[in-house]
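This briefing is intended for a reader who is new to the structure.

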Amino acid sequence: MNSPKIQYSTVSVLSIAHLINDIYSNFLPQLLPFLIAVTGFGYAKATFLVSVFTLSSSIVQPVLGYFIDRQGKSWLLYVGTLWMTVFLSLIGLTTNYWILVLLSALAGLGTATFHPQATALLGEVSGSRKGFMMSTFMAMGNTGFALSPVVFIPLLARTGLNGTMYLLIPGILVSLFLIRFAKVPQKEKRSHGKASRASFRDLLGSAWEITKIVIVIVIRSTVYMGLIVLLPNFFKTQALSSIASGHLVSIMLFAGAAGGLAGGWISDRLGRKGVTVLSLLLATPAFFGFFYTQGIISTVLLGVAGALLMGSFSVTVVAAQEVLPASRGLASGITIGLSMGLAGLAVTPIAWVADVYGLVTALRLLFMLPVAAGLFGLLLRDNRNLSQASGVAS
């Protein structure tokens, strides 16, 4: 049987939109040093804003994913992006903590509407190259994360907190782009009853395997978000400028995007489990190598560590979609949504450790977590044959 045709144009549109969406998704961590300087918030109090954004952006994703499996809706892509943009742009206009919490929560709901629809549609149009196409999509999102410090730190350094209003401009443009080019094909929409039965049947039959994948993602994502939040503050204690620290964080994130792309390509050939376990096991020594060296060697090791940490980013999403083949939206909602939300909650206790025991202790704790995720990943099912079969059966 011939493999399904890859729809490269749809993959490209979704990937570009993902880049812009995730530039915004990583805005709050870049804002925190400026917000802390103005308000005097502690690390835990300020980081809670990131946790609120992450939780609100994730808690509804499984529900949206289930809805999308029943009947896809193109408007979720562009309305979600615009919604997030509007509320993030308002954050710089107040220093009232509870208003900031509310705005962070509302902004998170915007990105929650984008990801399940985008990843579900991507899974439908990726043919037999699901790992590589998903890794391309995820790499664009990770590139957006990496661009955030480069874009937002100079902006905020020049304009102050009021500069958040400039976020409206690209957000409106990308929303118009999605209205014009991102369409859910009619033929991909499923009958409500059939999709509902398939979703519940898949989820009940694969609950333990999905749970294992979620645990790996939560641990890995806690490290990722914790580093994004804490590294800029650590670099500040090392007498680095906000611009220099932003560049270092961007190096880690750009390398993470490249690592995710490579991981997806390799996983199409060697399987999802092997890539996930090996990349996570190697990330911990790379992070410690970065921490205990200096100069160019330290910078290179930070990039290597970022690439290894994110090498399984798209791989675990595809693994979940292969476990739930009739419920790609639900699988995406669980792995990108629920898992990231749980990780967002876990970041606040890490920040509390930084408040009480110091940034160095908190960072060392984060550096230890990838190896824990890798060891747990040994329990995952080896889906090498499954991934090959799914490319034909999709």
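Helix 1 and helix 5 cross in a left-handed sense. The model that shows this crossing is a predicted one.

**Helix packing**

- The axes of helix 1 (residues 8–25) and helix 5 come within 10 Å, and they cross at roughly 20 degrees.
- Because angles under 35 degrees count as roughly parallel, helix 1 is described as roughly parallel to helix 5.
- Two packed helices are described by the angle between their axes and the distance between the axes.

**Nonpolar surface patch**

- A nonpolar patch on the surface is formed by L82, V86, L90, L93, M165, Y166, I169, I172, L173, L176 and I179.
- Together, these residues have about 940 Å² of accessible area.
- V86, one of the patch residues, is found in helix 5.
- The relative accessible area of V86 is 30%, so this residue is classed as partly exposed.

**A buried helix**

- The buried residues of helix 14 are F313, S314, V315, T316, V317, V318, A319, A320, Q321, E322 and V323.
- Buried here means a relative accessible area under 20%.

Methods: Residues are numbered from 1 along each chain as its sequence is written. This is a predicted model: local features need pLDDT of at least 70, side-chain atom pairs count only at pLDDT 80 or more; totals for chains, interfaces and linings use all residues. Side-chain values use heavy atoms; hydrogens and water are left out. Buried means under 20% relative accessible area, exposed over 50%, partly exposed in between (1.4 Å probe, protein chains only). Helices (H or I, at least four residues) and strands (E, at least two) are DSSP runs, numbered from the N terminus. Patches are made of residues with over 30% relative accessible area and no salt bridge: like charges are joined within 9 Å, nonpolar side chains (Val, Leu, Ile, Met, Phe, Trp, Tyr) within 5 Å. Accessible areas come from the Shrake-Rupley method with a 1.4 Å probe; for residues, only the protein chains shown count as cover. A salt bridge is a side-chain nitrogen of Lys or Arg within 4 Å of a carboxyl oxygen of Asp or Glu. Axes are lines fitted to C-alpha atoms, for helices over the stretch in contact, and angles run from 0 to 180 degrees between N-to-C directions. Angles under 35 degrees count as roughly parallel, over 145 as roughly antiparallel, 65 to 115 as roughly perpendicular and the rest as oblique. A crossing is left-handed if the near helix is turned anticlockwise from the far one by less than a right angle, and right-handed if clockwise.
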